[in-house]
Amino acid sequence: MKIREKLNQLKTTFGLEPKPLPEVKTKPIKKKEVVPPDLLSKNMPEPVPDYVEDEVKDTYTDIKPMEEIVPSDEEKEDMQSEVDAGYMQYSSEVVGFENRELQWNAYRTILSYADSNDILDFGCGRGDMWSFVQTEAPFNKEEYTYTGVDLNDQMIKLGQEIHEGINLISSDWFNLPEEQVADWAVNAGSCNLRYDADTVTSDEEYTKNTITAMYDHCTKGVILLLASSLIDIEDGLVNHNPGSIFNWAQREFGNVALDHSVGDDVFCLIIYK
């Protein structure tokens, strides 16, 4: 007997033969119509489609269209003015710094070289250095005599609005009166950007002329924070060669120090009287 026939016989003997499954009667399922999503995102158009259930129709009829609020031109101007005013009053970018941390670090570096609290700030912008010495330790433990000078009259007016009792001068620093003098003339990066309309004077000559003007209006010395040309980056700033500016200042004024340890891309020039 063949093996397959033997297996079939054994299945029959022991009742292993599979039995057919009983027939299951099923009822047809009626699918419910689905409301397309796009109809849910809009006000129900009229008439409501017939395939929509009655209870859904009632829901749609209760929906009221939202009224769009459109500001008037005057309201738009008022809102924009508030945004612009806040930006102009408090943004570090307005006065040439990427952020407030870099701005405060620049002031901290500059003032760490000064041995007195009598400051004439060249290119003061809004006079934020005054705010710095009022709020940041350890400078806020001292009483400062601060005067800021800037050619941008808008910045001067903003500073006078922000800082109560501040002494700011709207003027070209090349035209300051001789009697306008402080112990230290400082410049926290104002020579790294040119805001003047002079297209004849080179950036190097402009910086040298600024340093000379600062020297003429101080009794103890000059401190500048300048962008360095030793780092080759496209930052949009006027970059200065540290060696060249140091050698020139040494010949012109004699007692000069240069500190490039404050950063890879900036250095401090200090001229003592």
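A salt bridge is a side-chain nitrogen of Lys or Arg within 4 Å of a carboxyl oxygen of Asp or Glu. Side chains of opposite charge can pair when their charged atoms come close.

The structure above is a predicted model, in which local features need pLDDT of at least 70 and side-chain atom pairs count only at pLDDT 80 or more, while totals for chains, interfaces and linings use all residues. Residues are numbered from 1 along each chain as its sequence is written, and side-chain values use heavy atoms, with hydrogens and water left out.

**Exercise 1. Find the partner of Asp 203 and say how exposed both residues are.**

Step 1: Asp 203 meets Arg 194 in a salt bridge, at 2.8 Å from N to O.
Step 2: Recall the classes: buried is under 20% relative accessible area, exposed is over 50%, and partly exposed is in between (1.4 Å probe, protein chains only).
Step 3: Asp 203 has 36% relative accessibility, so it counts as partly exposed. Arg 194, with 22%, is partly exposed.

**Exercise 2. Work out which parts of the chain Lys 220 and Asp 115 tie together.**

Step 1: Their salt bridge has its closest N and O atoms 3.5 Å apart.
Step 2: Helices (H or I, at least four residues) and strands (E, at least two) are DSSP runs, numbered from the N terminus.
Step 3: Lys 220 lies in strand S5, and Asp 115 in the loop between H5 and strand S1 (118-122), so the pair ties together parts that are 105 residues apart in sequence.
Step 4: Lys 220 is partly exposed at 33%, while Asp 115 is exposed at 56%.

**Exercise 3. Describe the largest nonpolar core.**

Step 1: Such a core is a set of buried Ala, Val, Leu, Ile, Met, Phe, Trp, Tyr and Cys residues joined through side-chain atoms within 4.5 Å.
Step 2: The largest one has 30 residues, and Ile 110, Leu 111, Ile 119, Met 129 and Tyr 146 touch the most other members.
Step 3: Helix H5 (100-111) gives the largest share of this core, five residues.
Step 4: Look at Leu 111: leaving out residues up to four places away in sequence, Leu 111 touches Ile 119, Met 129, Phe 132, Val 133 and Phe 139. Contact here means heavy atoms within 4.5 Å.

**Exercise 4. Trace how strands S6 and S7 pair.**

Step 1: Two strands pair if DSSP finds at least two bridges between them.
Step 2: Strand S6 (residues 256-259) and S7 have four bridges, in the antiparallel sense. Leu 258 has Leu 269 in S7 as its bridge partner.
Step 3: Together S6 and S7 make a hairpin, with six residues between them.
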